[in-house]
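Subject: Structure handover

Dear colleague,

I am passing on the structure below, together with notes on what was found in it. Please read the notes with the coordinates open beside them.

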Amino acid sequence: MAKIIDNYILIEGIGQGTFGEIHKGRNLISKEAVAVKTIKLDRFLNDSILKDMIINEIQALKKLEDQYIVRMIKMLKSANNIYLVYEHLNGGSLANYLYEKGRLTEQEGRQIMSNVFKGFKTLNHEKIIHRNINPNNLFFNDGIVKIKNFFCCKSPASQKLFDPENFIYSAPEILLKTQQPQYEDKCDIFSLGLVFYKMFLGQLPFPETLTQEQLIDLYKNQQFNPNVEDLSENTAYILNGMLQVDQARRIEWQTLFHEDQVPTMSGLVNSTNTNFASNYQINSQVQQFETGGQNFYISQQSLQNHITTSPNELVKRKTNVSDKENIKINKENDQAQIFAKTTEKEQTLSQQQSQQQTLQIQSSTINSSSQNVVKQIQTQLSELRHKFNIIIQGTCKIEQLDNWSAKIKTEICMIFLLKKAIKCINEMLDICQNTDRQWAISKNKSEIIKILQKDFDDLVANYRQVKQMNTCPHEELNTHEMIDEQYVDNVLIMIAKQIAMDLGQIRSSMRSNSQIKSNSFNYEQTSQRNGSFIESKQGTSNQYIFAIFLIDLVKGMNFEDQKPYFKKLEESKLPELLDFKLKSI
Ligand SMILES: Nc1ncnc2c1ncn2[C@@H]1O[C@H](COP(=O)(O)OP(=O)(O)OP(=O)(O)O)[C@@H](O)[C@H]1O
């Protein structure tokens, strides 16, 4: 006969957990399907670790109301048992799914990955560290993946540490007991990295039969070097970042929460999400066009000789680009190179290329063949594309500024960055659409124009969307067309200064100097109406990074090794770097 506890009827046994049996059940009133874990009361009362773990899970799940996390409904007690009642998850575990399917396609894997990150965003927000992530604790339910089993978690309510049930998926710092307080929430990143590695590649990066000691040796002796070559550049970058043994070098949660916007050498690569930055995937045609042929360094002089700009046919611009502006664009392009590379290895490579390229300029200027002109135009487009990607990356970074309380700053910044991005696309379209240029001989031209046109439309649509949310009524922001670029740059620099002021980095006397008044638009007053400048002193590294990013974007400063938005920099070094950047304004 089916057992009834409180409002629940236990229908059938569905599993055996470490602490007790699990039954599928139903709420007799609401008919909701539930999973009920039964634990012997004796055991609960006499096993203090078990008791702590159960309390741990109850406390955590009370805080974690999220569609991507299993819901605990109730804890009940009878004369002999404790019953933990959860929502019933109907799709089985990821472990079972991987067992049945083996390796997943990258597309399906990325869907699961971004789903899991959404759940971890809530965990992160509540400062809860799971500490026991493995494929058995990720469960499907109605097409989404939920995180379950919080018995071993660490939360502000409980600092006790429990050994995870499956050491194979434990982060090195848990096994080696070298957890550093500032990085402790990163252990889940490593475990998830292993889960996703198995999902994408069909097996773990080491034999699952390793003993705990062997695994510790592997991590300790720095022999752990997972092979992610089979994967796309973007997925490989993420997995590699997650599987860093050194916690300081491991990818950040904030990057994972924007995993579809992670930049790579070829630009922002799309994932399964359809949000903002994913519109800017580098289409294979563009990639081909960016990398096609040898890159040539474009000197201002050679560009002046070969490239003139015509009015844009498809996109109306306020002014035609004069020769003088052309030189300015070239200068920007040169500057834009500083954003284009990500790693030291790539930097060295680029230095070597640049030396080679300088030699090549000479022959190109002498021959001045039509082929070289095409290559130069390709390079110019490629650099503009890089700059465009950097700007888009900046718009994504704004979302990471959790403590940035002055709403208007976010909005103005977003709008101005979008304006700059639109300008980049306009310049690229201008280049492609100029039939006078020998660029016209390229067979890819019309395809590239189509892609750029779509980028442009997407950008304008995004611009309009941001505008709709905008609380700043100023006229100049109402058109997606570029207002005076100098003005846009001034405002971006002023925002960087405001952030620096918020961070206590510069004295408030600068405030009056940094006001920009133009046609009655007073950013300072509007900002004060919309939020306080005083920010929390904790978690300010994103603000530092963003301010540095804005200054670099406008000033194009070339300090390859000091770009915290690409390279992890110690938090303590950020104030000094921002100070340095501010002095150069
Ligand atoms: N909420 C749920 N919905 C559906 N099935 C569940 C649910 N919870 C547990 N199960 C089933 O019971 C099995 C064992 O449960 P669970 O994963 O919680 O045990 P465990 O991994 O040993 O964890 P514990 O540390 O709690 O013992 C699962 O594999 C699954 O089949």
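The notes below go from the conventions to the chain, then to one strand, and then to the ligand.

This is a predicted model, in which local features need pLDDT of at least 70 and side-chain atom pairs count only at pLDDT 80 or more, whereas totals for chains, interfaces and linings use all residues. Residues are numbered from 1 along each chain as its sequence is written, and side-chain values use heavy atoms, with hydrogens and water left out.

The protein chain contains 21 helices and 12 strands, these being DSSP runs numbered from the N terminus (helices H or I, at least four residues; strands E, at least two). Of its 585 residues, 55% are buried, where buried means under 20% relative accessible area with a 1.4 Å probe, protein chains only. The chain exposes about 27100 Å², of which carbon and sulfur atoms supply 48%; accessible areas come from the Shrake-Rupley method with a 1.4 Å probe. Among contacts (heavy atoms within 4.5 Å) between residues at least 6 apart in sequence, 71% join residues at least 24 apart.

Strand E6, residues 81-87, is mostly covered, with 7 of its 7 residues buried. Strand E4 (residues 33-40) runs antiparallel to E6 and is joined to it by 7 bridges, with Ile 39 standing opposite Ile 82 in E6. Strand E5 (residues 72-77) is also antiparallel to E6, through 5 bridges, and here Met 72 stands opposite Tyr 86 in E6; two strands are taken to pair if DSSP finds at least two bridges between them. A hairpin of 3 residues joins E5 to E6.

Turning to the ligand, 17 residues surround it, the closest being Thr 18, Lys 37, Glu 87, Leu 89 and Lys 148, and a residue is counted if one of its heavy atoms lies within 4 Å. Strands E2 (8-16), E4 and E6 each supply at least two residues of this shell. By class, the shell has 8 nonpolar, 5 polar and 4 charged residues, with Gly counted among the polar ones and Asp, Glu, Lys and Arg as charged.

As for individual atom pairs, a nitrogen atom of the ligand is 2.9 Å from a polar backbone atom of Leu 89. An oxygen atom of the ligand is 2.8 Å from an N or O atom in the side chain of Lys 148, and a polar side-chain atom of Asn 149 lies 3.3 Å from an oxygen atom of the ligand. Taken alone the ligand exposes 610 Å², and the protein buries 83% of that.

With best regards

Note on methods
Buried means under 20% relative accessible area, exposed over 50%, partly exposed in between (1.4 Å probe, protein chains only). A polar contact is a pair of N or O atoms within 3.5 Å; within protein, one must be able to donate a hydrogen and the other to accept it, and residues adjacent in sequence count only if both atoms are side-chain atoms.
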